[in-house]
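Please keep the sequence and the model in view while reading.

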Amino acid sequence: MRRALIVTALTAVGVGLLFHYQPGGGPGTATSVPPDEGAARDGTYTGTLESEVYGRVQVRIVVEEGRLVDISTVSLVGDSPHSQELNQHAAPILRSETLRAQSARIDAVTGATYTSDAYIESLGTALDRAER
Amino acid sequence: MRLVRTVMGMDVTIDVREADAGDTALRDAFADMAMIDRLFSLFDTDSAVSRINEGRLEIDQAGPLVIEVARLCRLYEAATGGAFSAWREGRFDPTGLVKGWAIDRAAAILERNGHRNYLVEAGGDIRLRGSPGLRRPWRVGIRHPVHRDLVVRVISSRDLAIATSGTYEKGDHIEDPRTGRVPTGLISVTVIGPDIMEADVFATALFVMGEAGLAWVERQPGYEAYAITDAMRGVWTTGFPADTGPLPPDR
């Protein structure tokens, strides 16, 4: 059941960071949010650190005015030893350096997406904590 | 004119921008891909590849297209030191090469019909030429591997092949054909160059090789690569073009 909610949240992020999150069984939490906007409390919530084949992943979400406004990856760490012999160009992928696909005015997209079970699991616990 | 069809088990987009373009070339290109799927599908039990794997057909007897693809698979297995291979445990699976090969054939059909401004995309692999309009080049974003609504780079070009490889694409894994293990180190790989079939094969090979494979791509004339590591670092070859950034709003 929670997985279905997560899919809803991911979809919502895709269409503009709306948070249509239904309380899943537990008592609804009273907030300043209009009742039909969901029951998540404002704040920053970090999911559990999950292990998987590529390393470890932990997801953090930010809720403002009852809406999910950001999902970020706190750590996505590989256990594999990296080759030290190379001096290729390298830079961390900072969120501030990325572009919203809509504002970049692009004609097509390429590149793999990373939607592992560990990522979904960590995101799920962060959502649970926002709901509590 | 832009048409999207589900062919070869994936969404394929063909986008042509000539003002007076009919849809003949697009329909021919999609029909060619459907024909290729009937030969190479792993899911259709009657495809040539399925019959080869069931021992009902020899590659040498499977017709010129299958023979040509098998020849290319052997060639690129040798060229990548085995990081790309169409044979696993005795089974023939040329899927990793056929997608790029099919895009190349589609582009050739568009060219024969006079198109010079087009983009063909299948499962994140792209062959583009010319301009989408307003004399600007085509712009292709490399998706953020985790945040789907973000792009980490924008590639701008008038003549380019772009191929991608990575983890969890369509939910399945890429294995290292030499060890049978799932590669670690890179979660997203993009290879650009003149030929979509080679770019596609090189992207698979680089994903299997890991970060050290960037040095291998450096040695392939005309090809460059951008990859994202599992520590969320962007790494790229020396000749990979700088990001072109957002387009000014008035263009």
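The sections below describe a predicted model, beginning with the chain as a whole and ending with single residues.

## Overview of chain B

The model is predicted. Chain B contains 6 helices and 12 strands. It has 251 residues, of which 46% count as buried. Among the contacts in chain B between residues at least 6 apart in sequence, 56% join residues at least 24 apart.

Strand 9 (residues 159-166) of chain B runs antiparallel to strand 10 and is joined to it by 6 bridges. In this pairing, B:T164 stands opposite B:T190.

Strand 10 of chain B also pairs with strand 11 (residues 224-229) of chain B, in the antiparallel sense and over 6 bridges. Here B:V189 has B:A227 as its bridge partner, and B:V191 has B:A225. Strand 11 of chain B is in turn joined by 3 bridges to strand 12 (residues 233-236) of chain B, and these two strands run antiparallel. B:I228 stands opposite B:G234 of strand 12.

Is strand 11 of chain B enclosed by the rest of the structure, or open? Of its 6 residues, 6 are buried, so strand 11 is largely enclosed. Both of its faces are covered: B:E224, B:Y226 and B:I228 are buried on one side, and B:A225, B:A227 and B:T229 are buried on the other.

## Packing of helices 4 and 5

Two packed helices are described by the angle between their axes and the distance between the axes. Helix 4 (residues 95-112) and helix 5 (residues 196-209) of chain B pack at an angle of about 155°, and their axes are 7 Å apart. An angle over 145 degrees counts as roughly antiparallel, and helix 4 and helix 5 of chain B are therefore roughly antiparallel to each other. The crossing of helix 4 of chain B past helix 5 of chain B is right-handed.

Which residues of the two helices meet? Helix 4 of chain B contributes B:G96, B:L97, B:K99, B:G100, B:W101, B:I103 and B:D104, while helix 5 of chain B contributes B:I196, B:M197, B:A199, B:D200, B:V201 and B:T204. By class, this contact has 7 nonpolar, 3 polar and 3 charged residues.

## A buried tyrosine

B:Y118 is found in strand 5 (residues 118-122) of chain B. There are 27 other C-beta atoms within 10 Å of B:Y118, and a residue counts as buried at 20 or more; B:Y118 is therefore buried.

Leaving aside residues up to four places away in sequence, B:Y118 touches B:D15, B:V16, B:R17, B:L110, B:L128, B:R129 and B:G130. B:V154 lies 36 residues from B:Y118 along the chain, and the C-alpha atoms of these two residues are separated by 18 Å.

## Two residues with positive phi

Most residues other than glycine have a negative phi. B:E89, which is not a glycine, has a positive phi of about 50°. This residue lies in the loop between strand 3 (87-88) and strand 4 (91-92) of chain B. B:E89 counts as exposed because it has 7 C-beta neighbours inside 10 Å.

B:L134 also has a positive phi, near 55°, and is a residue other than glycine. B:L134 is placed in the loop between strand 6 (125-129) and strand 7 (138-143) of chain B. With 7 C-beta neighbours inside 10 Å, B:L134 counts as exposed.

Note on methods:
Residues numbered from 1 in each chain as written. Chains lettered and ligands numbered in written order. Predicted model: local features only at pLDDT ≥ 70, side-chain atom pairs only at ≥ 80, totals over all residues. Pairing = 2+ DSSP bridges. Helix = DSSP H or I, 4+ residues; strand = E, 2+ residues; numbered from the N terminus. Buried ≥ 20, exposed ≤ 12 C-beta atoms within 10 Å, placed from the backbone. Contact = placed C-beta atoms within 7 Å. Axes fitted to C-alpha atoms, helices over the stretch in contact; angles between N-to-C directions. Parallel < 35°, antiparallel > 145°, perpendicular 65-115°, else oblique. Left-handed = near helix turned anticlockwise from the far one by under 90°. Nonpolar A, V, L, I, M, F, W, Y, C, P; charged D, E, K, R; others polar.
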